[in-house]
Amino acid sequence: MSDKKNILILAGDGIGPEAMAQVNRVIDWFNANGKTSFEITEGLVGGASYDAHGEPLTEDTLNAAKAADAVLLGAVGGPKWDDLPFDKKPERGLLGLRKELGLFANLRPAVVFDALAEASTLKIEVVSGLDIMIVRELTGGIYFGEPRGIEELPNGERKGVNTLTYTTSEIERIARVAFDLAMKRGKRLCSVDKANVLECTILWRETVEAVHADYPQVELSHMYVDNASMQLVRNPKQFDVIVTTNMFGDIISDTAAMLTGSLGMLPSASLGAPLADGRIPGMYEPVHGSAPDIAGQNIANPLATLLSFSMMLRYSFDDMDGADLLDTAITRVLEMGLRTGDIMQDGKTLVSTSEMGDAVLEELEGLAG
Ligand code: IPM
Ligand code: MG
């Protein structure tokens, strides 16, 4: 890559900053070795932003995110901010970024590294070789539907309301992303809904069916979400690409994460529609949360954040070589037996967050040299 690209780093809360520190080192390595030419801007989001500015997402951060070529986010949230009013909570910062940047397509790959197949709580034969892609709709559905809120009823009761809505265009665009991905992979797509109960997902199913006409080579199936959650632990390898709504995707992607051994291993990419200037908005973040219980101890697993950077290279910068290089370095470190606490197994070597970073850098050196 020749021209300078700008990456906005929002490390966020909890283990976000310590995991991100390892990514910063890796980005420095890529730059120093002439593999990339990234300019880093850093900003605050979530609780960290609230503490500094009284808002989980400021205009400045939002504008920086819009101006950047890609955003890398750590994690948000923690008990410290639990009692804040709803609109000040750290999670609102993350949801605000997703919405304001129009990041409607959330790609959550669940890949089992051979070295980690035994770290899963599931039988090795169930998970070894697993490689599935969950495509989660990210800017619609019950997360954003109106009306919403908690209201007082005349009888003194309170009533909580959230609304599940999807328009055909919202469903079509996420379906296209999923079909396109399926075409590049195993050509099988499973759409997950609750069409036996929710009208909104009857429309979801019909619309996915309609888009299928443009992708005749893809084998399309449908599954109710309760069954899908069961099938994911029963026989996850039956899936190739899964496409689903915002909330169902939130839930089943955590399930899929555990197939891989740890939530600490899963990256994600959130992409928007191409802008007038040709850029495609992209934000990359680990699927795991801020893990406040282990924050600041240098024991968190930085690999999901590192793998998120690899996804950034792949999806925002079309840098397949760079992404493959980093993925290979991570695979090797795992094969060498290095483990953070969350993926620790008998006979392996327990390492800290920064030691994991050291090892990845060493492997990068070795692979490049
Ligand atoms: C995720 C998280 C978020 C979500 C939270 C932190 C708002 O669980 O990215 O899966 O629900 O989308
Ligand atoms: Mg989640």
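A salt bridge is a side-chain nitrogen of Lys or Arg within 4 Å of a carboxyl oxygen of Asp or Glu. The exercises below concern a predicted model.

**Exercise 1.** Determine how the protein chain is divided into domains, and state the distance between their centres.

*Solution.* Begin with the division: domain 1 consists of 1-103 + 272-369, and domain 2 of 105-265. Next, take the centres over C-alpha atoms; those of domain 1 and domain 2 are 23 Å apart.

**Exercise 2.** Describe the extent of the interface between domain 1 and domain 2.

*Solution.* First, count residues in contact: 23 residues of domain 1 meet 23 residues of domain 2. Second, consider area: about 2000 Å² is buried between domain 1 and domain 2, and carbon and sulfur atoms give 66% of this area.

**Exercise 3.** State how many salt bridges and how many polar contact pairs link domain 1 and domain 2.

*Solution.* Applying the opening definition, the count of salt bridges between the two domains is zero. For polar contact, six residue pairs are found across the interface, with both residues at pLDDT 80 or more.

**Exercise 4.** Identify the elements and residue classes on the side of domain 1 that touches domain 2.

*Solution.* The elements giving two or more residues to this side are α4 (90-100), α10 (303-315) and α11 (320-335). Of the elements, α10 gives the most, with five residues.

Definitions and conventions:
Residues are numbered from 1 along each chain as its sequence is written. Chains are lettered from A and ligands numbered from 1 in the order in which they are written. This is a predicted model: local features need pLDDT of at least 70, side-chain atom pairs count only at pLDDT 80 or more; totals for chains, interfaces and linings use all residues. Side-chain values use heavy atoms; hydrogens and water are left out. Domain bounds come from an automatic or database domain assignment. Contact means heavy atoms within 4.5 Å. Buried area is the accessible area (1.4 Å probe) that two parts lose on being put together, summed over both. A polar contact is a pair of N or O atoms within 3.5 Å; within protein, one must be able to donate a hydrogen and the other to accept it, and residues adjacent in sequence count only if both atoms are side-chain atoms. Helices (H or I, at least four residues) and strands (E, at least two) are DSSP runs, numbered from the N terminus. Ala, Val, Leu, Ile, Met, Phe, Trp, Tyr, Cys and Pro count as nonpolar, Asp, Glu, Lys and Arg as charged, and the others, Gly among them, as polar.
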